[in-house]
Amino acid sequence: MRTGRDISPLLEPPAGGRRPDYASAKLLSQLAAALLLVAGAMLAYQAYLNGVTVPGLVVMAVAVVASLTWLQRAYRNLAALGVAETRDSPASAVAWFLIPVANWLLTYAVLRDLYKLSDRSDPHGLNQTRSLLISLWWLFWAAPPVASIFSLLFFERPGLGTASARVQALVSFDLTSLAVASVLAAVIIIRVTSLQEASHSRLENDADAGL
């Protein structure tokens, strides 16, 4: 597995130099997005309750599995779309979401690169700007650990009567942030898949035209 923080080949080209086949992630993206929306709704409800429920954890776990499966396929499709190099392999892109600390620090770059490289209408990035959608997702995704760190470092240790109130406030904030992040992740998945489908269609049309 290439951990790939330096630029490295995305996938080894097959014999003969032919691009890997493109595998549409449309159905998988719809499933992952739907599960993330349901998970977001359950997280918001749990934030209202100030607690985590078993059904909520189960739905979130299934949504994570579907989303990471989509991520692996979407990253793999970059080679089929003509991307020769990227900072991550399909495996390492998934791995950063599973490794503590890395899943906070490196996941923004993973989705930023995927979003940018999926649009092959501007392969040199001449007209691309930073995606506000990815930045917003990362803001809410990273908010829970930041809030916990700030609470420990900059607030006085609560007394017996206020400890429970602070914990409940942190739990509610964390769950609300993750609910918003889940909804934004669903939008990102649909958007990236749409970009890849359009890029693939463009390549197919160019091939048919003999370009």
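Here is a chat about a predicted model, going from its overall layout to a few single residues.

Residues are numbered from 1 along each chain as its sequence is written. Because this is a predicted model, local features need pLDDT of at least 70 and side-chain atom pairs count only at pLDDT 80 or more, while totals for chains, interfaces and linings use all residues; side-chain values use heavy atoms, with hydrogens and water left out.

Colleague: Let's start simple: what pattern does the protein follow along the sequence?

Modeller: We count DSSP runs from the N terminus, with helices (H or I) having at least four residues and strands (E) at least two. That gives seven helices and two strands. Read along the sequence, the pattern is β-α-α-β-α-α-α-α-α.

Colleague: What percentage of the protein's residues count as buried?

Modeller: Buried means under 20% relative accessible area, exposed means over 50%, and partly exposed is in between, using a 1.4 Å probe and protein chains only. The protein has 211 residues, and the buried part is 38%.

Colleague: Which residue of H7 does Leu114 touch, besides Val192?

Modeller: A contact means heavy atoms within 4.5 Å. Leaving out residues up to four places away in sequence, Leu114 touches Trp70, Leu71, Ala74, Tyr75, Leu78, Val192 and Gln196. The one found in helix H7 by its own entry is Gln196.

Colleague: And is Gln196 buried or exposed?

Modeller: With residues up to four places away not counted, Gln196 touches Tyr22, Ala74, Asn77, Leu78, Leu81, Leu114 and Ser118. Its relative accessible area is 1%, so Gln196 is buried.

Colleague: Which side chains meet in a salt bridge?

Modeller: Side chains of opposite charge can pair when their charged atoms come close. Our rule asks for a side-chain nitrogen of Lys or Arg within 4 Å of a carboxyl oxygen of Asp or Glu, and the count comes to one. Arg112 is partly exposed at 34% relative accessibility, whereas Asp113 is buried at 5%. At 3.2 Å, N to O, the pair is Arg112 and Asp113.

Colleague: What is the volume of the largest pocket?

Modeller: On a 1 Å grid over the protein atoms alone, a pocket is an open set of points where a 1.4 Å probe fits, with protein on both sides within 12 Å along at least five of seven lines; lining residues have an atom within 4 Å of a point. Here 25 residues line the largest pocket, with Leu36, Met60, Val64, Phe97 and Trp141 nearest its centre. The volume is the space filled by probe spheres set on the points, which are joined across faces, edges and corners. It comes to about 460 Å³.

Colleague: Last one: what is the phi of Val101?

Modeller: Most residues other than glycine have a negative phi. Val101 sits in the loop between H3 and H4 and is exposed, with a relative accessible area of 53%. Its phi is positive, at about 75°.
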